[in-house]
Amino acid sequence: MSTPADYLPIAMMFVVASGFVLFTIFVTHLLGPRRKTEVKLEPFECGIESQENARMPFSIKYFLVAILFVLFDVEIIFMYPWAVNFKDMGMFGFVEMLIFLSLFLVGFTYIIRRGALKWE
Amino acid sequence: MTLPIFYILAMLSVFCALMVVVARKPVHSVLYLIACFFTIAGHYLMLNAQFLFAVHIIVYAGAIMVLFLFVIMLLNLNLESEPRKSVIARVAAVSTAGLLFLVLLAAVKSAEPVILDTSASGVGLVRHVGLKLYNEYMMPFEVSALLFLTAMVGAVKLGRKEATHS
Amino acid sequence: MHYLCDALPWGIFMDSGELIFKMVFVVAIFGISLLVAMYSTYAERKVAAFLQDRIGPNRAGPFGILQPLADGVKMFMKEEIIPAKSDKALFILGPCIMMLTACMTGVVIPWGESLVINGREYELLITDVNVGLLYVFGVVSIGVYGIMIGGWASNNKYSLLGSLRASAQMVSYELAMGLSIIALVMAAGTLSVREIVEQQAGLQWNAFYQPLGCLLFIICAFAECNRTPFDLAECETELVGGYHTEYSSMKLGFYLFAEYIAMFISSAIIAALYFGGYNFPFIDSLGLSHNVQTILGVLIFFAKTSFFIFLFMWVRWTIPRFRYDQLMNLGWKVLIPVAIINVLVTGIVILWRNDLF
């Protein structure tokens with residue numbers, strides 16, 4: 001039987017890994033030389049003087065990809081408990097998922113037809 | 001052994017939730033919210049709801065918050081451009097939130113604690129969740145597919161409208 | 001409130017002997033991951049040199065074997081530069097998250113069967129959780145933040161573009177990856193990685209039953225690790241260094257190093273899920289004692305993993321980079337539909353073989 005105690009080693013790994021990360025960041029901070037100049041701390045723009053800052057709006061496409069990702073991700077998560085029980089549910093479960101997937105595919109074809117995923 | 005873990009997790013949850021509101025930069029707020037989701041996933045784990053734990057991390061912390069972060073990065077958020085709210089709006093916000101808090105507090109106070117040994121039955125494990133979901137709750141499951149369909153159509157419409165504007 | 005919390009189910013905590021073993025094992029796996037990742041950087045340069053008919057690193061120690069150490073020391077001693085306009089806290093947090101998520105994925109991998117020491121059996125895996133594959137999926141989905149935060153905090157246009165591209169790519173391929181595992185889960189009926197490995201005893205490797213799923217998973221693993229041909233995030237001809245343009249010293253080291261750890265862990269997961277893990281044919285007919293058999297299994301597992309690490313490098317130095325629209329089209333319009341078809345075909349085959357129609 002699976003209990004929350006199974007996750008204790010994961011917590012251990014987290015402690016070990018974050019300990020290593022913090023230690024390394026701290027040590028490099030101490031070891032490295034510090035010769036800071038104003039120019040060195042400017043954002044790198046291939047030697048040209050930097051223009052404004054990088055907080056700028058970007059293509060809506062990325063936003064759309066993120067929204068669709070959330071939707072698809074939830075649908076995929078729905079399929080995991082189904083896949084685990086697939087052999088027990090047999091034909092009934094398969095038809096159930098077929099209906100779910102057909103609705104999913106309708107949405108998917110709509111997205112592609114409307115060119116929502118077209119990148120120039 | 002479990003009690004201190006519970007208290008530590010609960011304190012972290014409350015701290016992160018407070019920092020979401022208090023943090024000055026929107027991106028920091030989002031990151032505190034992600035941390036808050038992790039502590040809540042920890043609470044699910046304490047209840048042996050392992051599937052819910054994984055889903056909470058994948059969907060909330062790993063997908064929805066990516067979208068949030070994208071939106072906040074997409075909006076042109078320089079610190080100077082953050083709009084100042086009027087005093088009335090602030091008072092209204094604080095009082096509504098305070099009232100909601102009181103209602104929740106009252107609800108929690110009158111609630112009967114239920115002791116359920118979830119570890120013995122394995123209620124929260126994937127297999128059990130799947131059996132319930134795909135037999136008893138078949139209809140809601142199929143209806144949720146319709147919901148996803150409408151959400152997809154909505155997202156595409158929204159994206160196209162925005163694209164033609166700019 | 002008090003009695004409510006006492007009822008929180010924890011089952012039986014491990015006894016102290018097992019706890020100490022787990023601690024040692026966790027530290028050992030962490031160390032091995034770092035070591036393998038270090039020597040992957042060396043191997044990568046040697047493989048690249050071999051494929052391009054060069055010699056590769058050969059100055060530090062015999063055959064340049066100490067090169068990774070020299071690189072490490074260099075990373076430690078470099079000046080750390082935090083740009084004045086950056087968000088300092090997040091600038092440091094980015095690479096840390098990247099490194100952490102890369103290390104955390106490996107905990108559910110079974111490295112071998114079990115060792116019997118003084119009559120007690122110690123399993124050679126850190127933990128076996130009920131939602132093993134979903135855990136892997138979850139940690140991978142958190143990995144996106146390392147790149148997003150790092151790129152955004154730098155306050156540099158190249159970094160921002162690089163991180164946007166990388167994160168959009170990673171989330172897209174995460175979907176295909178999730179779908180490709182579903183067919184495997186249908187056949188296995190479990191999410192526990194250990195059980196999946198145990199089911200592949202002998203030569204019943206999932207790669208033979210799930211060839212399409214296996215291919216999809218490997219492609220997605222390449223994309224998740226940001227390896228060529230999917231390394232648009234750091235394509236130097238357009239974006240300088242991509243999301244880590246502004247990074248220096250060990251923080252840059254973390255980004256680069258995390259990539260190699262992720263590569264190692266992905267190779268191990270590919271080997272465990274689709275290529276039998278520590279199983280190899282005729283394991284029982286050799287008549288070896290249990291411990292020797294386990295150690296042999298571990299070596300076999302590492303051999304398989306090394307092969308996939310080599311595959312990562314081989315592909316990197318053979319195939320050119322995708323264009324961004326090609327990359328997104330492949331992820332959304334090819335891999336996702338193919339993965340769904342794979343799920344359906346797997347379903348039909350399983351129903352047919354078990355006479356469930």
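In chain C of this predicted model, C:Met38, C:Tyr39, C:Thr41 and C:Tyr42 of helix α2 meet C:Gln67, C:Pro68 and C:Asp71 of helix α3. By class, this contact of α2(C) with α3(C) has four nonpolar, two polar and one charged residues. The helices run over residues 16–51 for α2(C) and residues 67–77 for α3(C), and they pack at an angle of about 110° with their axes 9 Å apart. That angle makes α2(C) roughly perpendicular to α3(C).

Helix α12(C) covers residues 290–316. Its 27 residues reach 39 Å from the first C-alpha to the last, close to the 39 Å expected at 1.5 Å a residue. Which residues of α12(C) are buried? They are C:Thr294, C:Gly297, C:Phe301, C:Lys304, C:Thr305, C:Phe308, C:Ile309, C:Phe312 and C:Met313.

C:Ile117 stands opposite C:Arg120 in β2(C).

From α9(C), the contact uses C:Cys214, C:Phe217, C:Ile218 and C:Ala221. From α11(C), it uses C:Ser266, C:Ile270 and C:Tyr274. The residues of this contact of α9(C) with α11(C) divide into six nonpolar, one polar and no charged.

Now turn to chain A. It has three helices and zero strands, in the pattern α-α-α along the sequence. Of its 120 residues, 37% count as buried.

How many residues does each chain bring to the contact between chain A and chain C? Chain A gives 54 residues and chain C gives 66 residues. On the side of chain A that touches chain C, α1 (8–31), α2 (60–84) and α3 (86–113) each supply at least two residues. The largest share of that side, 15 residues, comes from α1(A). The residues of the side of chain A that touches chain C divide into 38 nonpolar, nine polar and seven charged.

One residue shows this meeting of chains in detail. A:Met13 has its place in helix α1 of chain A. Is A:Met13 buried or exposed? A:Met13 counts as buried, because it has 24 C-beta neighbours inside 10 Å. Leaving aside residues up to four places away in sequence, A:Met13 touches C:Val26, C:Phe30, C:Cys103, C:Met104, C:Val107 and C:Ile126.

Chain A also meets chain B, through α2(A) and helix α6 of chain B. Helix α6(B) covers residues 126–135. The helices pack at an angle of about 100°, with their axes 8 Å apart. That makes α2(A) roughly perpendicular to α6(B). A:Tyr80, A:Pro81, A:Trp82 and A:Val84 are the residues from α2(A). They meet B:Val126, B:Arg127, B:Val129, B:Gly130, B:Leu133 and B:Tyr134 in α6(B). The residues of this contact of α2(A) with α6(B) divide into eight nonpolar, one polar and one charged.

Chain B itself has seven helices and zero strands. Read along the sequence, its pattern is α-α-α-α-α-α-α. Of its 166 residues, 23% count as buried. Among contacts in chain B with a separation of 6 or more, 54% join residues 24 or more positions apart.

How many of the 24 residues of α4(B) are buried? The number is zero, so α4(B) lies largely in the open.

Key
Residues are numbered from 1 along each chain as its sequence is written. Chains are lettered from A and ligands numbered from 1 in the order in which they are written. This is a predicted model: local features need pLDDT of at least 70, side-chain atom pairs count only at pLDDT 80 or more; totals for chains, interfaces and linings use all residues. Axes are lines fitted to C-alpha atoms, for helices over the stretch in contact, and angles run from 0 to 180 degrees between N-to-C directions. Helices (H or I, at least four residues) and strands (E, at least two) are DSSP runs, numbered from the N terminus. Angles under 35 degrees count as roughly parallel, over 145 as roughly antiparallel, 65 to 115 as roughly perpendicular and the rest as oblique. Two residues are in contact if their C-beta atoms, placed from the backbone, lie within 7 Å. Ala, Val, Leu, Ile, Met, Phe, Trp, Tyr, Cys and Pro count as nonpolar, Asp, Glu, Lys and Arg as charged, and the others, Gly among them, as polar. The expected span of a helix is 1.5 Å times one less than its number of residues. A residue is buried if 20 or more other C-beta atoms lie within 10 Å of its own, exposed if 12 or fewer, and partly exposed in between; C-beta atoms are placed from the backbone. Two strands pair if DSSP finds at least two bridges between them.
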